[in-house]
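Here is a short tour of a protein model, written for someone who likes to think at the level of side chains. Have the structure open as you read.

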Amino acid sequence: MNTAKVDVLLGLQWGDEGKGKVVDVLTPKYDVIARFQGGPNAGHTLEFENQKYVLRSIPSGIFQGGKINIIGNGVVLAPDLFMNEAKELEKSGHSLKERLLISKKAHLILPTHRLLDRANEAAKGKSKVGTTGKGIGPTYTDKISRNGLRVGDILDNFEAKYEAHKARHIKMLEALKWTDFSELKEMEKVWLEGISFLKEFKFVDSEHEIHHLLKENKSVLCEGAQGTMLDVDFGSYPFVTSSNTVTAGACTGLGIGPNSIGNVYGIMKAYCTRVGSGPFPTELFDETGKTLRDIGHEYGAVTGRERRCGWIDLVQLKYSVMIDGVTELIMMKSDVLDGFDTIKACVAYELPNGEVTENFPYDINNIKPIYKEFKGWKQDMTQCKSESGFPKEFSDYVAFIEHYLGVRIGIISLGPDRTQTIIR
């Protein structure tokens with residue numbers, strides 16, 4: 001019986017919690033980093049040695065020499081974007097070919113998937129989800145309707161398979177009255193270059209690979225993309241992504257049993273953000289929201305879109321902690337709150353019928369957050385080297401969150417650099 005467990009690291013809010021930096025802080029402890037879901041719509045930003053990197057599909061363990069990195073079967077992969085990302089990394093001296101394994105069962109994002117994404121959003125009009133237009137949703141739709149094209153298909157009669165998929169998509173686009181095919185030829189040219197580039201990597205059955213590594217007692221960290229509230233089952237549906245972003249997604253996205261899961265690290269910001277459409281109970285539309293956005297540089301790593309900002313929502317976080325089975329919390333961007341006189345945390349919701357609840361409900365539209373107020377610490381924490389340097393007001397804020405959520409906060413981040421990280 002193998003003793004090694006798979007630890008999981010995931011976001012507990014609506015994505016953008018700062019997973020990239022944390023993976024980079026945690027990876028030295030692990031032999032293997034595996035990505036289990038999502039596509040190139042989610043970017044993990046890492047900053048170190050005065051360099052900034054945005055990873056879209058490649059696991060964040062790529063910067064640590066000698067680690068094995070795996071792209072799991074739950075991921076959807078865009079060959080052209082993957083090629084650009086890999087070449088950028090290789091240019092900066094991070095070689096991938098011997099360190100990155102790709103699951104044969106991962107689904108491919110086709111150029112026509114991107115057109116379908118745009119056509120579907122256009123057809124929805126005002127009720128659009130606010131996708132990144134990268135073709136993620138249509139790729140997962142094909143996967144679920146058993147029409148997908150997978151990485152393993154590259155190895156056998158690929159051209160015919162591709163043409164059949166493309167023809168099917170064009171019929172669907174015509175039915176959606178989509179007429180703009182002007183970019184398709186150019187998209188296809190780069191995409192097919194990406195397919196050739198992919199062939200230089202090792203394709204594996206990642207479920208076997210991970211089990212062999214566990215048998216050898218190798219430690220594995222599973223890295224999720226986006227956040228729990230974007231999960232297709234448990235998030236704020238329909239304003240969600242197309243995959244399972246929760247801990248259970250690591251089981252289906254890599255082929256591991258639930259009894260193999262060890263620690264679950266849940267990442268959250270000291271406040272809350274959301275990108276795109278959908279309900280967001282603690283959203284601030286005033287100067288405070290704008291200040292959070294500016295100080296926190298709250299703009300999408302991949303899209304550059306402004307993020308919506310608000311106070312921390314502990315009702316929502318308690319729900320995520322429950323769904324994910326979180327064993328340790330990691331709090332990011334605490335320093336963004338350094339300048340505020342008063343800091344608020346949502347501790348309950350008032351529902352439209354006047355009922356007050358601490359349970360996250362089916363529908364979070366038209367909910368009124370009930371806040372607890374904290375005195376701000378008004379002190380620059382970016383230079384803190386240990387928790388003994390924390391202002392009392394900040395320590396009180398942390399203690400309250402731990403008590404409310406019932407899980408300890410093990411790591412606190414006080415800036416973008418990997419050195420600005422306090423391990424408690």
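## Salt bridges

Let's start with a group of charged residues: Asp16, Lys269, Glu298, Arg307 and Lys333 are joined in a network of salt bridges. The model is a predicted one, and its salt bridges number 28. Side chains of opposite charge can pair when their charged atoms come close.

Some pairs sit within a single helix. Glu88 and Lys91 form a salt bridge with an N to O distance of 3.1 Å; they are three residues apart in helix 2 (residues 79–91), which separates them by about one helical turn. Lys91 is exposed, at 68% relative accessible area, while Glu88 is partly exposed at 48%.

Another pair links parts of the chain further along. The side chains of Glu387 and Arg424 meet at 3.0 Å, N to O.

## Helix 6

Helix 6 covers residues 184–198, 15 residues in total, and spans 20 Å from first C-alpha to last, close to the expected 21 Å. Its buried residues include Leu184, Met187, Trp191 and Phe197.

## A buried arginine

Which residues does Arg114 touch beyond its neighbours within four places in sequence? Its contacts are Ala78, Asp80, Leu81, Ile109, Gly133, Lys134, Gly135 and Met187. Met187 is one of the buried residues of helix 6. Arg114 itself belongs to helix 3 (residues 111–124) and counts as buried because its relative accessible area is 8%, under the 20% cut-off.

## Strand 2 and its partners

Strand 2 (residues 32–35) points Val32 and Ala34 one way and Ile33 and Arg35 the other, with all of them buried. Strand 2 runs parallel to strand 5 (residues 68–71), joined by four bridges, and also parallel to strand 10 (residues 220–227), again through four bridges. Ala34 has a bridge partner in each: Ile70 in strand 5 and Cys222 in strand 10.

## Domains

The domain assignment gives domain 1 as 6–103 + 203–266, domain 2 as 107–199 and domain 3 as 268–423. The C-alpha centres of domain 2 and domain 3 are 37 Å apart.

Key. Residues numbered from 1 in each chain as written. Predicted model: local features only at pLDDT ≥ 70, side-chain atom pairs only at ≥ 80, totals over all residues. Heavy atoms only, no water. Helix = DSSP H or I, 4+ residues; strand = E, 2+ residues; numbered from the N terminus. Expected span 1.5 Å × (residues − 1). Buried < 20%, exposed > 50% of the residue type's maximum accessible area, 1.4 Å probe, protein only. Domains from an automatic or database assignment. Contact = heavy atoms within 4.5 Å. Pairing = 2+ DSSP bridges. Salt bridge = Lys/Arg side-chain N within 4 Å of Asp/Glu carboxyl O.
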